[in-house]
Amino acid sequence: MNSMHKLLLSITLVLALTSTSVSSLTFIDNVKGYTLNQQGKLITFTNIAFEDEFIIGMDLTQEPGGIVTKIDGGGRVMLPGLIDAHGHILGLGRNLLEIDLRGSQTENDSIKRVLEFVSANSLSIKTSKKEGTQWLIGGGWNQVLWPTKAFPNKASLDAAIKDRPVVLSRIDGHAVWVNSAALKLAGIDANTPSPAGGEIVKDKDGQPTGVLIDNAEYLVTKLIPMADVEQLSAQLNAASDHLLSLGITSVHDAGISKQVYDFYQQQAQTGQLRFRIYAMIAATDPQINDMLTKGHIKTEDDMLSIRSVKAYGDGALGSRGAALIEPYSDDKDNHGLLVTPQESLPSLFSQVLAANFQLNFHAIGDRANRLALQQFAKTFKIYPENTGRHRIEHAQVVAVEDIPLFKELGIIPSMQPTHATSDMNMAEDRIGRARLKGAYAWKTFLEQGSRVAFGSDFPVELANAFHGLHAAVTRQTAENEPNMGWIPEEKVSIEDALRGFTLDAAYAAFQDDKLGTLEIGKRADFIFIDRDIFKRPASDIRDTQVLETWINGQQVFSKTL
């Protein structure tokens, strides 16, 4: 901001605070407010004033004139609105409306939930108008948590559901479990080869087991009827209710189709978006060139921004799809999968950077991270005008010698703290102790000066950001185990954890001038919570309850006590 802009802002603030004709000024007093400033330093305040959607004063020594609404904060704790830097909004909405297998204890337990859903939710079953086929859709299973730790099989699904296709996503979204009806519709049998970047899991007799990994999923999922606008609206509303109740005021939606690209714009134009969306165009969408040609999308009220592309490097660690430099420690012949072939990376990176879009590259394994970093470095030389704030989504397992390249290249590690606490029961089995030194390494990234954007990757993980804050600070599960935390040297402070879910998440979306902190001139996005997370034991952070959520100076959620 230049000196003239600062002067104009100062004049505007003085007029706003002294005028008696202002008709939209809200003053909230008696709060225990915490925010970071632009430098990431924690500051406190006791009151806040905002006119319409913008903050015009904080920690005022006297009440401003022209107040229309005065609110007693009741000594409650106020924080900036939380930003989830990596989620899947409509995926969350679908999960809330479809079969939920999260937390299922066995394969049979999952089958029981499928049958319960069929009994109670027949109207939620997708029907193809073309073929009249009814699909059962759901997800959330995780075989790592089952006693056998083995992938499920189509046989159990077939015994329960024979007459309609069933598609159940693994919790990380990188594998699906389907029945024979779905395999038949897709034309998958013993003779079907696995596609590049994917695997059709087969048994000892060469027959498909019903589990499809990464790119093999598409053989079935492409047949599922596309949701119509009514279904998309239902999904968005379900996700909105849930996210606002958790104090999340903005989400970076990691990978949208052309259909959703159009849908979000329609929702924004009609004022129906209830939280902020920073959407990433899916690099795999056939119409990506059309969307890139239209340039950046940004609404005046900052409720929708589309200026980035989500690309896909590899699979996930749990399904052994993450691409590794050396083989998996528990599968010596397996290096994982490259979802986007290495030879396609130069054209993909050039396509996105040439269009002046941000590239957010999914990389979980150390090989995928290395390939992404190498390609960023090469492409930056071709497009030096577009080298700022590109991201690697997850940056989960990184070779120690590659970590400094994030800082050197200005690549933002967009990471999800609860992935560490969810994965710690299998990560060492997958990659061994030595490679853990560069895994889930939040503190290492911060100490070298990288800005780390935090998110949840919902619905892979639960969307509650306080679970992420707890995981970042303690490296512990919900039961506060292990005692000192898993790989405790990578714990971060509560201030740094909050920064990842506010200021640095906003920075990763080019929105830190308007969002991420509570400061004069920024938008009035804030929440009230039921406890002081800076004073209470770290073990209490996870159970924090959101009392109110405000966006653009308007209350959009209030908890019924």
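Start by selecting T192. This residue sits in the loop that links α5 (180-186) to β14 (198-202). Keep in mind that the model is predicted.

**Stop 1: around T192**

Is T192 buried or exposed? Its relative accessible area is 14%, under the 20% cut-off, so T192 counts as buried. Now show the side chain of T192 together with the backbone of D189. A polar atom of that side chain lies 2.9 Å from the backbone nitrogen of D189.

**Stop 2: A395**

Jump to A395. Look for it in the loop between β21 (391-394) and α12 (403-409). Check the backbone torsion here: phi is positive, about 40°, although A395 is not a glycine. A395 has 0% relative accessibility, so it is buried.

**Stop 3: two cis peptide bonds**

Select F458 and P459. The peptide bond from F458 to P459 is cis, and its omega is near 0°. P459 belongs to the loop between β23 (453-454) and α16 (465-474).

Which form does the peptide bond from E481 to P482 take? It is cis, with omega near -5°. P482 lies in the loop between α16 and α17 (494-500). Helix α16 therefore makes a handy landmark: its loop to β23 holds P459, and its loop to α17 holds P482.

**Stop 4: F510**

Go on to F510. Its loop runs between α18 (503-507) and β24 (526-529). Phi of F510 is near 60°, a positive value in a residue other than glycine.

**Stop 5: confidence**

Finally, colour the chain by pLDDT. The mean over the protein chain is 93, and 94% of its residues reach 70 or more. Then pick out two stretches. Over residues 1-23, pLDDT stays under 50. The model has 20 contacts beyond four places in sequence for residues 1-23. Over residues 127-131, pLDDT also stays under 50. For residues 127-131, the model has seven such contacts beyond four places in sequence.

Conventions:
Residues are numbered from 1 along each chain as its sequence is written. This is a predicted model: local features need pLDDT of at least 70, side-chain atom pairs count only at pLDDT 80 or more; totals for chains, interfaces and linings use all residues. Side-chain values use heavy atoms; hydrogens and water are left out. Helices (H or I, at least four residues) and strands (E, at least two) are DSSP runs, numbered from the N terminus. Buried means under 20% relative accessible area, exposed over 50%, partly exposed in between (1.4 Å probe, protein chains only). A polar contact is a pair of N or O atoms within 3.5 Å; within protein, one must be able to donate a hydrogen and the other to accept it, and residues adjacent in sequence count only if both atoms are side-chain atoms. pLDDT is the predictor's confidence in each residue, from 0 to 100. Contact means heavy atoms within 4.5 Å.
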